[in-house]
Amino acid sequence: MKISPQWLRDFVDLNVNYHQLADDLTLAGIAVESVSGEGDATIFEMDITTNRPDAMNHYGVARECSAIYDLPLKAIEPELQVAVPAQAGGDSRAPFSIDIQDGQGCARFTARIIRDATIKRSPEKIVRRLGLLDQRPINNAVDASNYTLWEMGKPTHVFDLDLLEGGKIVVRRARDGEVLKTLDGVERKLTSEDLVVADAKKPVGLAGTMGGFDTMITEKTRNILIESAWWDPVTVRKMSRRHGLHTDASHRFERGADYESTVVSCNRVAELILQSGGGELVGGPVDVMARKLDQAPVALHVSEVYRILGEKLETTEMLRILRRLGFELIPEHEEEIEFTVQVPSWRLDVEREIDVIEEIARLHGYDKFANTLPAYVGAVVELPDAEKEKKLRTSLLALGYDEAISLTFISHQDAEQFSSVPVIELANPLSEEASVMRTSMVPGMLNMLAYNLNRGSDNIRLFEAGNVFEAAGEKALEFKRICMGATGNAVKESVHYPARPTSFFDLKGDVETLLAAFQHAGLEYKADTAEYYHPGRSALAIMDGEVVAQFGQIHPEIAAGRKLKQDIFIAELYLDRLYQCGLRSVRYEPLPRYPAVERDFSVIFDDSIEFATMQKAVAALRLGELRSFVPVEIFRGGSIPAGKYSLLLRATFQSGERTLREDEAGQWSGQIIGTLEGLGGVLRTS
Amino acid sequence: MSPKKKSAYTVPKLKDFSAAALDDAAAKLLRALEEEAEAVSNEDEWKQFRDRWMARKNGILTQVRERWLIESPASAKAVVGKRFNELKQEVENQVQAALRDVEERLIRGATPIASGTLEEIFRAQLESERLDITLPGIRRPLGAQHPVIKTMNEMVGVFRNLGYSVEEGPEIETDYYNFEALNFPPNHPARDTQDTLFMANQESKPLRDRLLLRTHTSPVQIRTMEKMKPPVRVVCPGKVHRNDAPDATHSPIFHQIEGLAVDTNITFCDLKGTLDHAMKEMFGSSVRTRFYPSFFPFTEPSADVQISCIFCGGRGYRDGGPCRNCKASGWIELLGCGMVDPNVYGFVDYDAKKVGGFAFGMGVERIAILKYGVDDIQLFFNGDVRFLEQFA
């Protein structure tokens, strides 16, 4: 909204420069976004908060100036010629009747009539001022209504009286199927939810939103009816939204107009029309009140002002501020510690003591209040999973994964491909590709990897921590996840070493590192993964019976479908399940004092025998001194027949109590060999 | 002399265990030992030498033990035993010495100065090991913390030091928590400012139960007050969504940090002091704050907070022209705040007459953009490693 500071001078004698004025208004809560132009053509671009429709006009801003600078405010008092008495019988001289059938929607309707006016261009001053606000001049009658809106904030409307049928105005709900062509030329189908201004036969305006096309002022108009009403904010808001019709009028009505200004605004429009187009007033204003607005007085306690604001203000300062803003105060107490505050009719936003306190604070100046820190007794409480999340994030960064954040929305197609849970759809999505809440973080990760590959970054490690969403009946469930993505080289090429591409085992190692932070009795890996993974290069991590992670290479077909030309590795951590396990609690173990003994076994196995099987079988031997049993070398081809592979395994024995004897190690090795042979292994002899 | 030559020393059997005979046998053995030690010229030869003399199986010492010591009559055992130990010691010494010789020869062989003092030789060796230390090091890549998360953690840290605990809430909220309980009545124009993304198929539910994506982290205030009584001090960092098409300055997702303090003694001055302190912690102690009235349905009085421009020091100009960052105003708008509206207490069953408090909210991206001079908010959300790795 635009304000001309020069126009403000009509109402208050400002003696500050406009930049100072802009600053002072802003600091009082009447925000001036920018200042443009110079001299009389200076324009303030305003950002008036939605609670202050009273300040969305020049008079309202002038009132704020009056309070800021403690200057008198000149009233708007239209000077009108003596009206010709309304006569019965004559057409346009007939007393005009107003019938408010919906008192909830229309609390007050004021109208008056001008006869024999000339419709022409507005006077230069009006045209110039409207021009400064980027308002296009139309004719003197329409401009008078428009000028009054920008001057005092009260939307009004002017009708060609001769086009109103039946000599009366009816405020009523529209009938289903009625049609109204509005001033913008659009034919609008009305329903019983619409509130209209009608004549005896037809709707002639959408209440508080826009007038009708067929009854508008034209060059032919001679006789004019001026409307100034008070419309219910919710009714106007619903209607303007339903018709997609946001106007300067609806903007003000839906925020609450001044109930007491209908007559004065009607008179002001009349004054402007008579000044420019001549004609004569017929009768007085016809003013119909369907209901009174309830604006109860507010009790103001000086002690409450102090309790909320934390600083003792002079009572005289508080009274000065409130009176300049149009509030009336009646002391309820000799010591002036309590007042009854009568709120002005244009301040529908002020209903409670706290609202009055805000008025005092904002005009006193927020910056005049001291900066203090409150005393506090209490302790900082951590979220239950804060440590776990921190541990994971720290490890991920140490493992070389950059943290990324992707969109929370995915397409239906991606939801289907990467999950099997019921989706939550958006009613007003940003696009088709972002129409459901993500059920998986994998598509977002693939998009980010693709984004990088398309820009020449080939070696990527990313992770994202966030929520996935799932519908459960009427409810929306959220689950915390971490998704990791890796592609390209695990070891970058350098002058010292050749590059090494990322493999499944790089990813598995990273997953192992992350999972190792959590307390568990058992952790196993199974190949039974979702279909978007490579069937032979992916795994589920199962911790104490719960699937806590799924990871591996993305299925080559899926990667190709997304034009990803490198092997892509993804890991998903299911944090809700992982967090069921606490962080591993550390217990010191005495350092070994006796030497360890290592024994290597080179065994040929059938391809179908997995290392985990050997591990389990050896563990079942319960050799107390077996410290570790690990694969050291794996070999296929050469002298090894197809379908078989050679594995070099290393057992390490150590005792905490003594040096192991040769024959003990030999005996245990024998047991291990026996076990491996039991699995079909054949010991290689060198 | 190679131990494999015909003339190689072998351990004879002794018939006579007299002192003289022993002397003679020992002398021959030691001579052979010396000769062979002398002949060792490299590591492989040394190993052979060591094994020939010291191997447990069939080494010369083992043979000496078997043929001399074990074969000796009981009367001579003590003398032969002593003699054997002396020989054993000597063999070990010679083997060690031979190794040292081999090593020294290696060093001499590897250096241009084949002669000179040992110290000179070592120095020459070190010189030969010199690297081009200006070549790049082998770096283990570290991941980079996301600038938004980093900024969020920093902000949370500032408030944690003031006694604030962290609270979280869901991203999909009900109308009740996102609007109604925050004093946005149904059909209130203030809802228009929020550009809300709604969940589909909610029409059959009462308005307050309808699901939407939270447009701010303020609902966590309500959830916190529902579950705890004053005193309350929480910060609520989190992701929020708005129906904003992405461009350089808009994103449908962004992050906020909400703060809430409710107690029996909290005033508007405390709100000002707390945020002034937090901004100084965040942007440096020379930063000033400016509060001016604003409107949020859930606070009254409400304020917007500006900090003095961190680029031009609040002067409004720099480098001989107007400051672009603050549009020459000297101030940068950063956050919204206010005293909690008494209506909000009504929703959570607090007594507005007895307690008071303040709330504040700030956009994390906005702060990160300022801190790092980022010129496109989309950079935060496309995972571009060229961007992210600048923050490692």
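## Close-up views of a predicted two-chain model

View 1. In terms of contacts, 87 residues of chain B touch 79 residues of chain A.

**View 2. A salt bridge links A:K480 and B:E168.** The closest N and O atoms of A:K480 and B:E168 are 3.2 Å apart. Across the interface of chain B and chain A, four salt bridges are found.

**View 3. Strand β21 of chain A sits among its partners.** Let us follow this strand through its surroundings. β21(A), residues 460–472, has twelve of its 13 residues buried, so the strand is largely enclosed by the rest of the structure. With β22(A), residues 475–487, β21(A) runs antiparallel and is joined by 13 bridges; here A:E464 has A:C483 as its bridge partner. The two strands form a hairpin with two residues between them, and A:G473 in the turn has a positive phi of about 65°. β21(A) also pairs with β18(A), residues 402–403, this time in the parallel sense over two bridges. In that pairing, A:D402 stands opposite A:L462.

**View 4. Four strands of chain A make an open antiparallel sheet.** The strand order is β6-β13-β5-β14, and the pairing is antiparallel. β6 (157–160) and β14 (280–289) stand at the edges with a single partner strand each, so one side of each is left without a neighbour in the sheet. From one strand to the next, the twist averages 20°. Inside this arrangement, β5(A), residues 106–115, is joined to β13(A), residues 224–231, by eight bridges. One residue pair to look for is A:R108 with its bridge partner A:W230 in β13(A).

**View 5. Helix α19 of chain A packs against strands and a helix.** This helix spans residues 662–678, and its 17 residues reach 24 Å from the first C-alpha to the last, close to the 24 Å expected at 1.5 Å a residue. Its buried residues include A:W668, A:I672, A:I673 and A:L676. The buried residues of α19(A) pack against β29 (597–606), α18 (611–619), β30 (626–635), β31 (644–653) and β32 (682–683), also of chain A. After the helix comes A:G680, with a positive phi near 95°.

Note on methods. Residues numbered from 1 in each chain as written. Chains lettered and ligands numbered in written order. Predicted model: local features only at pLDDT ≥ 70, side-chain atom pairs only at ≥ 80, totals over all residues. Heavy atoms only, no water. Pairing = 2+ DSSP bridges. Axes fitted to C-alpha atoms, helices over the stretch in contact; angles between N-to-C directions. Expected span 1.5 Å × (residues − 1). Buried < 20%, exposed > 50% of the residue type's maximum accessible area, 1.4 Å probe, protein only. Contact = heavy atoms within 4.5 Å. Salt bridge = Lys/Arg side-chain N within 4 Å of Asp/Glu carboxyl O.
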